[in-house]
Amino acid sequence: MSARVRAARLRALLLTLVAFFAVATATGCAGGGDERPTVVVTTNILGDITREIVGDEADVSVLMKPNADPHSFGLSAVQAAELENADLVVYNGLGLEENVLRHVEAARASGVATFAAGEAADPLTFHAGEEGGPDGETGEPDPHFWTDPDRVRKAAGLIADQVVEHVDGVNETAVRDNAERYDGRLADLTAWMEKSFAAVPEDRRALVTNHHVFGYLADRFGFRVIGAVIPSGTTLASPSSSDLRSLTQAMEQAKVRTVFADSSRPTRLAEVLRQEMGGDVDVVPLYSESLTEQGKGAGTYLEMMRANTSAMAEGLTGD
């Protein structure tokens with residue numbers, strides 16, 4: 001091959017490479033300009049609420065999968081990177097996402113706006129019965145604020161404020177309209193729950209669950225929390241034999257024969273309680289800390305709360 005031919009081919013190759021990089025650069029610039037803002041949410045319950053508010057104004061990425069346990073789920077490296085690249089991170093707080101909070105803190109330290117919905121919703125401490133709970137429990141913040149739809153209304157309004165303030169490019173009017181519509185649906189939920197629970201007699205308004213999760217619901221709708229099989233606000237704890245003995249005694253005294261257990265977790269501990277009390281205990285499954293997949297009973301927050309209300313009212317009245 002002559003030197004002239006080699007030179008011609010080299011020039012052609014260089015021109016091809018220049019053209020390729022010019023196109024790639026232009027495409028990259030166009031893609032960057034079209035990149036949508038992102039809101040990252042830790043739990044799927046808050047994820048559903050946030051999607052209702054954000055609508056089509058931004059992408060909402062939810063880290064917790066359906067049927068997962070918020071106390072124990074963890075993040076992949078990709079999900080951890082999502083947090084640090086978000087425009088806004090919405091999380092529950094109050095110690096709920098025990099394996100995720102350090103990633104939220106890292107995102108905050110890197111300059112990402114974060115919002116702890118539970119901490120802004122007038123948090124309660126654990127309800128552990130008339131006489132208080134085990135040593136070290138009383139006074140701990142209860143992270144399960146979503147069981148009170150009125151507190152969710154407050155949190156939803158604050159999420160809308162955070163989106164408008166921190167997520168560039170969203171249409172404020174659209175976000176506010178979404179929040180107003182959702183607020184109306186939450187108000188309807190509260191009214192429906194009040195009507196449903198009105199059928200439960202006063203002497204049956206006592207709750208026992210697999211762990212302390214319905215304190216806010218009890219506070220809002222006039223129930224008494226007798227105790228929990230796991231005497232803690234986290235599913236990662238375990239009961240002792242003395243815990244179970246104290247709980248069975250409290251149940252006998254209050255004439256409670258129904259235990260509400262999370263439908264996404266085994267009810268072994270509630271079954272143990274049934275054995276402790278001679279088998280005369282009903283175990284009623286509820287959706288307490290996670291949404292399900294769509295069409296599986298609790299695909300949205302509103303669907304979850306209506307399903308739980310119906311199951312609780314039926315379980316407490318015996319109808």
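These legends describe close-up views of one predicted model.

Local features are given only at pLDDT of at least 70 and side-chain atom pairs only at pLDDT 80 or more, while totals for chains, interfaces and linings use all residues. Residues are numbered from 1 along each chain as its sequence is written, and side-chain values use heavy atoms, without hydrogens or water.

View 1. Helices (H or I, at least four residues) and strands (E, at least two) are DSSP runs, numbered from the N terminus. Of the 319 residues, 46% count as buried. Buried means under 20% relative accessible area, exposed over 50%, and partly exposed in between (1.4 Å probe, protein chains only).

**View 2. Helix 2 is largely enclosed by the rest of the structure, because nine of its eleven residues are buried.** Among them are Asn-44, Leu-46, Asp-48 and Thr-50. The buried residues pack against strand 1 (38–41), strand 2 (59–62), strand 3, helix 5 (149–166), helix 6 and helix 10 (301–317). Contact means heavy atoms within 4.5 Å. Just after helix 2, Gly-55 takes a positive phi of about 60 degrees.

**View 3. Helix 2 (residues 44–54) meets helix 6 (residues 172–197), with axes that come within 7 Å.** The axes cross at roughly 130 degrees. Axes are lines fitted to C-alpha atoms, for helices over the stretch in contact, and angles run from 0 to 180 degrees between N-to-C directions. The two helices are therefore oblique to each other. Angles under 35 degrees count as roughly parallel, over 145 as roughly antiparallel, 65 to 115 as roughly perpendicular, and the rest as oblique. Asp-48, Ile-49, Glu-52, Ile-53 and Val-54 in helix 2 face Val-175, Asn-178, Ala-179, Tyr-182 and Arg-185 in helix 6 across this contact.

**View 4. Strand 3 (residues 88–91) and strand 4 pair in the parallel sense over four bridges.** Two strands pair if DSSP finds at least two bridges between them. Leu-88 has Ala-113 of strand 4 as its bridge partner. Both faces of strand 4 (residues 113–116) are covered. Ala-113 and Phe-115 are buried on one side, Thr-114 and Ala-116 on the other.

**View 5. Asp-122 has a positive phi, near 55 degrees, in a residue other than glycine.** Asp-122 is found in the loop between strand 4 and helix 5. At 44% relative accessibility, Asp-122 counts as partly exposed.

**View 6. Lys-255 is not a glycine, yet has a positive phi of about 60 degrees.** Lys-255 is found in the loop between helix 8 (241–254) and strand 7 (258–262). At 72% relative accessibility, Lys-255 counts as exposed.
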